[in-house]
Amino acid sequence: MSGSTTPIDGTLLAGMPLPAATGSKDARGRVVVVGGARATVGAALLAGIATLRVGAGRLTLVVDEAAATPAAVAVLEAGVLTWSQDEGCDHDALDELAGADAVLVGPGLADPEHSLRLLRQVVETAAPRVPLLLDAFALGVLADAPDLQDRVRGRAVLTPNGAELDRLLGEDRPDDEREAAARLAARLDAVVVAASAVADPAGDVRAGDATTPGLGTSGSGDVLAGAVAGLLAAGLPRVDAAVWGVALHTGAGARLAHEQGAAGYLAREVADALPAVRRHLAAVAHAHR
C-alpha cells in the first residue's frame, strides 16, 4: 500500500465539517435507494432509515413491486416506488433518480440479471455529477461490466465485503483487506469503504475502529451504506462522507456495546443510535478545531 494511513479521530473529523442541519427537506438532500427484492426488502429499508438518521431530508425507496406495500407501511417517512423483474425501474422511479442528490443501489438485491439492469438504469439516469454508492449485488455485477466501471469512475463510493473484493480484484487481490480496498479505489477512481476503513484513489487510507464485533450482524452493512449515502446527499465530498459514515457506524456500535453488551444488538438499533452519535462526534470534532 503506497499511500498513508490516518486514524479516524476527532482531529481528522475536525477538518471535515458536517453541513448544518437546517433548511427544508430538499435542501438537506434527496436520496434514492434502489434495492429490496421481495425476500430481502429489509436491507433496503435499513439503508433508507439510516440515510434519514444521519440527516438527509428526503428518502425514496425503489423496491421490487411485490414488496412495495410492506415497505411503505414499514417506513412511513419514505416515498416508495417500484422496479419489476421484467422492466426494471418504473417511469416514476426513473424520474426520481433524475432528481436525486445521491443514489444507493444494491441493498437487498438478490439476482445478478436484475441487479445489472437496475445498475445500468441508475448510471444512465442519475445526473452525471450525482454520487453513486454501490453495495452488495451492485458490486458483484460491476465486476463483469467494464463499461459500467468506466461510467462510475470519479463518482462512486463502493462498500464491498471480502467476497466482493475478491470478485472485483480477482488474482490481484492482496490478503490485507484495507490494502485491497486501496487497490480497488485506485483501479476504479472510487472511494472504497471496507474493514472499517476508507480508501481513496490516491491510495491513502483513513482507518476506523475495528474493535466492535457486534457490528458483524445481519443488516449492519446496509446501515453503513445508508449512512454514507445520506451524507453524500447532504453535500459532503465522497471521502468526507465515507469517513463520517464509518465514524458514525462504529461509534453507534461502541455505544450499543456499552449499553447492551459486545454482541446481540440489532442493525435497526445501530441506525437509531446514529443521531446521538452524530451529535457527540460533532462536538468532539469542534473541540479539535
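Figure 1. Leucine 158 stands opposite valine 192 in E9. The model is predicted: local features need pLDDT of at least 70, side-chain atom pairs count only at pLDDT 80 or more, and totals for chains, interfaces and linings use all residues. Residues are numbered from 1 along each chain as its sequence is written, and side-chain values use heavy atoms, with hydrogens and water left out. Strand E8 (residues 156-159) and E9 run parallel and are joined by two bridges. Strands pair if DSSP finds at least two bridges between them; strands (E, at least two residues) and helices (H or I, at least four) are DSSP runs, numbered from the N terminus. With strand E10 (residues 197-199), E9 pairs in the antiparallel sense, over three bridges. Here alanine 194 stands opposite alanine 197 in E10. Two residues lie between the strands of this hairpin, in which alanine 195 takes a positive phi near 55°.

Figure 2. Buried means under 20% relative accessible area, exposed over 50%, and partly exposed in between (1.4 Å probe, protein chains only). From strand E7 (residues 132-135), Leu132 and Leu134 point one way, Leu133 and Asp135 the other way, and all are buried. Strand E6 (residues 102-105) runs parallel to E7, and three bridges join them. Valine 105 has leucine 134 as its bridge partner in E7.

Figure 3. Eleven strands form an open sheet with mixed pairing, in the order E1-E11-E10-E9-E8-E7-E6-E2-E3-E4-E5. Strand E1 (5-7) and strand E5 (88-89) stand at the edges with a single partner strand each, so one side of each is left without a neighbour in the sheet. Within the sheet, strand E2 (residues 30-34) and strand E3 (residues 58-64) run parallel and are joined by five bridges. Valine 62 in E3 is the bridge partner of valine 34.

**Figure 4. Helix H8 and its buried face.** In H8 (residues 162-169), the buried residues are Glu164, Leu165, Leu168 and Leu169. Seen down the axis of H8, these residues fall within an arc of 120°, so they line one face of the helix. The arc is that of the directions from the helix axis to the C-beta atoms. Helix H6 (137-142), E8, helix H9 (177-188) and E9 are what the buried residues of H8 pack against, where contact means heavy atoms within 4.5 Å. At the start of H8, a side-chain oxygen of asparagine 161 reaches to within 3.2 Å of the backbone nitrogen of alanine 163. Glycine 170, with a positive phi near 60°, follows H8.

Figure 5. Ala93, Glu96 and Leu97 are buried in H4 (residues 91-98). They cover an arc of only 100° around the axis, which puts them on the same side of H4. The exposed residues His91 and Asp95 are on the face turned away from that buried side. The cover over the buried residues of H4 includes E2, E3, strand E4 (79-84), E5, E6 and helix H5 (112-125). The N-terminal end of H4 is capped by aspartate 90, which has a side-chain oxygen 3.2 Å from the backbone nitrogen of aspartate 92.

**Figure 6. The largest pocket.** The largest pocket has a volume of about 530 Å³. Of the 26 residues that line this pocket, Thr159, Pro160, Asn161, Gly221 and Leu224 are the closest to its centre. H8, E9, helix H10 (220-233) and helix H11 (238-260) are the elements that give two or more residues to the lining. H10 supplies the largest share, four residues. On a 1 Å grid over the protein atoms alone, a pocket is an open set of points where a 1.4 Å probe fits, with protein on both sides within 12 Å along at least five of seven lines; lining residues have an atom within 4 Å of a point. Grid points are joined across faces, edges and corners, and a volume is the space filled by probe spheres set on the points.

**Figure 7. Two loop residues with positive phi.** Alanine 136, in the loop between E7 and H6, has a phi near 55°, a positive value in a residue other than glycine. Alanine 136 is partly exposed, with a relative accessible area of 21%. Aspartate 189, in the loop between H9 and E9, has a positive phi near 50°. Aspartate 189 is partly exposed, with a relative accessible area of 27%.

Terms used
Polar contact = N/O pair within 3.5 Å; in protein donor to acceptor, adjacent residues only side chain to side chain.
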